[in-house]
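Reader: Could you walk me through this model, one question at a time?

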Amino acid sequence: MATRLFESDYHAELYSKYRPKYGKSVSGVIIDFCKTGICDFDLAVDVGCGSGQSTSLLCSAFKNVIGSDVSPNQIENASKNLKNVTFLVSPAEDLGFLSNNSTDLITISQAIHWVDTTKFYKEVTRVLKPGGSLVVYGYGFDQLDKEDAQMKLDRFYFETIAEFWSNKIQLLQRKYEDITLPFDGWIRKDDLEIAADWSVDEFIGFVASSSAWQSYLKVNPSSEELKQLSNRFREIYTRINESGVEEEQKMHITWPVFMLMAHKLSSL
Ligand SMILES: C[S@@+](CC[C@H](N)C(=O)[O-])C[C@H]1O[C@@H](n2cnc3c(N)ncnc32)[C@H](O)[C@@H]1O
């Protein structure tokens with residue numbers, strides 16, 4: 001069964017503001033993989049597109065791009081400035097807006113763990129052109145550059161809000177090791193990462209956009225836990241500069257990226 005999260009306007013807004021952006025290396029891998037199959041670079045569809053972070057990667061290579069998501073609020077927050085992209089509300093399990101054998105590439109980023117894969121793969125098989133590509137990818141838990149900050153973060157994630165992570169998140173934690181693609185010959189790529197240098201406030205915004213914190217807040221609306229975490233980070237990342245003035249350093253954050261890729265076989 002598909003899971004519905006990211007539905008509230010507030011959550012979608014946080015998501016659009018604070019989620020990390022994939023770099024050119026990720027888009028490069030996707031485009032290069034398409035070239036190893038059959039690709040007219042005419043139509044790419046990014047399913048579970050959220051507010052468009054993963055969709056924008058496809059704009060320069062494809063003539064037409066569609067970003068689809070089950071959440072109207074996510075779509076409302078998706079960037080409307082991308083010239084060749086149409087955003088629309090649709091579940092991954094029903095891609096009725098696409099005709100058979102019409103699509104060069106389907107991507108689904110950081111979302112397949114929420115989706116009913118049996119139904120989604122049936123739709124992927126229907127809409128992809130023979131030789132077209134399916135790329136399923138995501139990023140794992142954030143890694144911080146300071147050990148004491150990482151310990152505080154781990155305690156927050158895996159003790160304070162531990163019971164609010166959906167069991168689907170375990171699939172992400174295991175870097176999609178449990179997920180297989182529906183076409184023979186599919187491959188994995190595990191050597192990329194996303195990196196960012198953020199202020200404490202930006203990183204706290206990212207943590208606040210997690211599904212577990214949003215679920216925790218519904219039950220504990222006046223919780224001070226995130227504020228306390230932010231205070232600890234501020235202590236760790238503040239130093240006295242040469243002029244004797246307190247200065248907040250940027251947090252260096254990395255996320256491991258994992259990608260599963262396949263071509264639809266011509267016989268399907
Ligand atoms: C973690 S966000 C990923 C957004 C974006 N692709 C990215 O890489 O940042 C997961 C998205 O999947 C969407 N989603 C969850 N279940 C879905 C479903 N069954 N069909 C389509 N989208 C779904 C959510 O609404 C949410 O926007």
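Author: Gladly! Angles under 35 degrees count as roughly parallel, over 145 as roughly antiparallel, 65 to 115 as roughly perpendicular and the rest as oblique. This is a predicted model, where local features need pLDDT of at least 70, side-chain atom pairs need 80 or more, and totals for chains, interfaces and linings use all residues. Residues are numbered from 1 along each chain as its sequence is written, and side-chain values use heavy atoms, without hydrogens or water.

Reader: How are H5 and H9 oriented to each other?

Author: Helices are DSSP runs (H or I, at least four residues), numbered from the N terminus. H5 (residues 147–160) and H9 (residues 225–237) pack at about 170°, with axes 9 Å apart; axes are lines fitted to C-alpha atoms over the stretch in contact, and angles run from 0 to 180 degrees between N-to-C directions. The two helices are therefore roughly antiparallel.

Reader: How much of the ligand does the protein bury?

Author: A polar side-chain atom of serine 109 lies 2.5 Å from a ligand oxygen. Alone, the ligand exposes 600 Å² (accessible area, Shrake-Rupley method, 1.4 Å probe). Of that area, the protein buries 98%.

Terms used:
A polar contact is a pair of N or O atoms within 3.5 Å; within protein, one must be able to donate a hydrogen and the other to accept it, and residues adjacent in sequence count only if both atoms are side-chain atoms.
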